[in-house]
Amino acid sequence: MPRVAIGLPVYNGARFLRETLDNLRAQTFGDYVLVVVDNASSDGTEAIVRATMAEDERIHFVRNPRNLGATRNHNRAFAETARFEAPYFRWAAFDDLLAPTYLADTVAVLDAHPDAVLAHPAVRLVDEDGRDLPYDAEVGGFDLPGGGFWPYRLTDTDALSAADPVVRYASALGSGPAVYVTHGLIRTDALAATRGYQLHGVEDVLMAELALRGRFVRLDAPLFLMRMHGGSTHHMSRDEYLAYESGETERPLGRASYRRAFNFLRAVREAPLTVAEKRRAIRAWTRFAVRPQQLRRLFVPGPNNYFGINFSKAMPNDERIPAARKPQHI
């Protein structure tokens with residue numbers, strides 16, 4: 001039985017996949033299996049994986065007969081690793097990279113902290129060639145290629161390490177760090193108790209579910225290298241992103257993101273909390289749901305409108321960009 005199972009969902013990832021596979025094979029911690037789940041790619045993805053499998057028996061390959069969408073493919077990547085019964089699991093992206101000690105260090109953290117359900121390191125952002133992107137400490141974020149900006153501070157995840165599950169849950173509501181935190185090393189049994197990735201909320205609802213089940217531990221070393229490139233979801237419009245997540249070519253109106261708030265609430269109902277803790281969590285959810293910026297999303301057309309009404313040129317994550325960093329059309 002391996003200590004770690006890694007699920008790598010991919011669709012048309014040939015450009016970066018070989019480098020990512022080599023990067024995973026170079027980890028100093030080798031007691032893992034890697035299952036690549038190909039979402040019906042039409043490029044050379046399968047050939048790259050099969051060539052690597054011939055060199056490394058830890059690598060396994062599954063191909064979907066059709067594109068399930070990124071959300072369901074992520075969940076299948078987790079499900080396909082169940083047969084290995086590894087106590088720890090991690091999702092890997094086809095284009096991201098890890099420092100050589102990533103697995104060794106995160107495994108050591110979870111081994112040392114049985115009350116923790118997830119271990120995640122600090123993040124570095126790199127460009128398509130793997131070069132570090134500049135970080136602006138004063139504003140708190142990375143400058144992206146083409147003039148974009150990605151907010152990031154090490155302290156953004158402080159509350160996720162709290163002993164109080166309601167404090168952790170409140171921090172997870174609509175949280176930007178979810179996009180990289182959920183790519184940390186997770187206890188398999190804790191993840192199996194959640195509903196996995198969901199279209200409505202994607203990472204942040206999953207992070208809230210995990211936060212209700214245990215605390216997160218952060219390693220301050222920047223061991224996770226997120227690659228930003230032209231095909232990143234950061235650069236997608238709302239409709240492109242929904243199609244990417246669902247696998248549907250037309251806008252999935254029946255899956256409008258207003259349901260995300262109710263998925264946060266359902267997470268409380270299903271969590272192993274006391275009655276008093278559930279009441280406090282519901283109060284935290286209520287404060288989140290009635291914030292002016294949340295209500296604005298119901299009625300004002302824009303990149304995050306719950307019903308998909310958008311007359312602007314802004315991307316869905318532009319609300320998190322400091323005013324000084326926003327393009328002139330915002």
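The structure holds 22 salt bridges, a salt bridge being a side-chain nitrogen of Lys or Arg within 4 Å of a carboxyl oxygen of Asp or Glu. This is a predicted model, in which local features need pLDDT of at least 70 and side-chain atom pairs count only at pLDDT 80 or more, while totals for chains, interfaces and linings use all residues. Residues are numbered from 1 along each chain as its sequence is written, and side-chain values use heavy atoms, with hydrogens and water left out. The structure also holds 1 cavity of 30 Å³ or more.

**Salt bridges**

- E55 and R25 form a salt bridge through their side chains, at 2.8 Å from N to O.
- E55 sits in the loop between helix 2 (45-53) and strand 3 (59-63), and R25 in helix 1 (residues 14-25), so this pair ties together parts that are 30 residues apart in sequence. Helices (H or I, at least four residues) and strands (E, at least two) are DSSP runs, numbered from the N terminus.
- E55 is partly exposed at 47% relative accessible area, and R25 is partly exposed at 27%. Buried means under 20% relative accessible area, exposed over 50%, and partly exposed in between (1.4 Å probe, protein chains only).
- R58 and D56 meet in a salt bridge at 2.8 Å, N to O, and both of these residues are buried.
- The side chains of D220 and R218 also meet in a salt bridge, at 2.8 Å from N to O. D220 is partly exposed at 49% relative accessible area, and R218 is partly exposed at 24%.
- A network of salt bridges links R18, D22, R25, E55, D56 and R58.

**Largest cavity**

- The largest cavity has about 40 Å³ of space. A cavity is a set of points, on a 1 Å grid over the protein atoms alone, where a 1.4 Å probe fits but cannot get out. Grid points are joined across faces, edges and corners, and the volume is the space filled by probe spheres set on the points.
- The lining consists of T20, N23, L24, R90, A92, A93, D96, L97 and L98, where a lining residue has an atom within 4 Å of a point.
- Helix 1 and strand 5 (97-98) each supply at least two lining residues, and helix 1 gives the most, with 3.
- The lining divides into 5 nonpolar, 2 polar and 2 charged residues. Ala, Val, Leu, Ile, Met, Phe, Trp, Tyr, Cys and Pro count as nonpolar, Asp, Glu, Lys and Arg as charged, and the others, Gly among them, as polar.

Technical notes. 1 Å grid on protein atoms, 1.4 Å probe; cavity = no way out; pocket = protein on both sides within 12 Å on 5 of 7 lines; lining within 4 Å.
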